[in-house]
Amino acid sequence: MKRKDKFEDGGMYAKGGEVEWSNEENEKLGKWLLSTKSGKHIISKSKNSEELEKNVRDYAKDYDGIADCYNNIGLNYKEQKQYYQAELYFKKSLDLASRSSQVNEAVVNAWNNLAILYQEQGKPKKALPFFIKVYEYDKKTNTIENFGLSYNNLGVIYVSLKNY
């Protein structure tokens, strides 16, 4: 049973290798951490909540960096018209970037690049869900220039699907 007073920082609570989570988002991250050897190591070496959150953030940053590298490799394959390889690397990027507790730029970049890849291959039905995710993220974060681009990309896909 979780005790509210443990969550002064609104996140995770750690003591003696035991972890409790203050909300569903942190619980999702926690379950993922507990399912990996590295994650268990992070939890066991954390002496308190602050240290646990710092260690988790540092660990997640590494994943975002690797995800960006996979994304760039995917872009190189796409430029060479090696679509199968590009898709594999975009999906690897998305898998790693999704391990963060929140949607971040690495996730959105992977969504966008998968959508563009499918669009270039003439697969608008496969591209649509990814363009919708990018659009919703851009709308939520209120980034005007990105929002305009994602709105335009959606329009192009809907035209190719003859969905006026």
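Predicted model: local features only at pLDDT ≥ 70, side-chain atom pairs only at ≥ 80, totals over all residues.
## Basis of the values

Local features are given where pLDDT is at least 70 and side-chain atom pairs count only at pLDDT 80 or more, while totals for chains, interfaces and linings use all residues. Residues are numbered from 1 along each chain as its sequence is written, and side-chain values rest on heavy atoms, with hydrogens and water left out.

## Nonpolar core

A nonpolar core is a set of buried Ala, Val, Leu, Ile, Met, Phe, Trp, Tyr and Cys residues joined through side-chain atoms within 4.5 Å. Buried means under 20% relative accessible area, exposed over 50%, and partly exposed in between (1.4 Å probe, protein chains only). The largest such core has 26 residues, and those touching the most other members are Leu94, Trp111, Leu114, Ala127, Phe130 and Phe131. Two or more residues each come from helix H3 (49-79), helix H4 (83-97), helix H5 (105-120), helix H6 (124-141) and helix H7 (144-160). H5 gives the most, with nine residues. Helices here are DSSP runs (H or I, at least four residues), numbered from the N terminus.

Phe130 is in contact (heavy atoms within 4.5 Å) with Leu94, Trp111, Leu114, Ala115 and Tyr118, leaving aside its neighbours within four places in sequence.

## Helix H4

The 15 residues of H4 should span 21 Å at 1.5 Å a residue, and the end C-alpha atoms are 21 Å apart, which agrees. The expected span of a helix is 1.5 Å times one less than its number of residues. Buried positions in H4 are Tyr83, Ala86, Glu87, Tyr89, Phe90, Ser93, Leu94, Leu96 and Ala97.

## Helix H7

H7 has 17 residues and reaches 25 Å between its first and last C-alpha atoms, close to the expected 24 Å. Its buried residues are Ser150, Asn153, Leu154 and Ile157. They cover an arc of only 100° around the axis, which puts them on the same side of H7; the arc is that of the directions from the helix axis to the C-beta atoms. These buried residues pack against H5 and H6. On the other side of H7, Ile144, Glu145 and Tyr151 are exposed.

Ser150 counts as buried because its relative accessibility is 1%. Apart from neighbours within four places in sequence, Ser150 is in contact with Val134, Tyr135 and Asp138. Just after H7, Lys162 takes a positive phi of about 60°.

## Aromatic pairs

Rings of Phe, Tyr and Trp (its six-membered ring) pair if their centres lie within 6.5 Å; planes under 30 degrees apart count as stacked, over 60 as edge-to-face and the rest as tilted. The structure holds six aromatic pairs. The rings of Tyr118 and Phe130 have centres 6.0 Å apart and planes at 35°, so this pair is tilted. The pair links distant parts of the chain, with Tyr118 in helix H5 and Phe130 in helix H6, 12 residues apart. Both Tyr118 and Phe130 are buried.

The rings of Phe147 and Tyr151 have centres 6.0 Å apart and planes at 25°, so the pair is stacked. Both residues lie in helix H7, four residues apart, about one turn of the helix. Phe147 is partly exposed, with a relative accessible area of 26%, whereas Tyr151 is exposed at 54%.

Tyr70, Tyr77 and Tyr89 form one aromatic cluster. Lys92 lies over the face of Tyr89, at 4.8 Å from the ring centre. A charge sits over a ring if NZ of Lys or CZ of Arg is within 6 Å of the ring centre and within 35 degrees of the ring normal.
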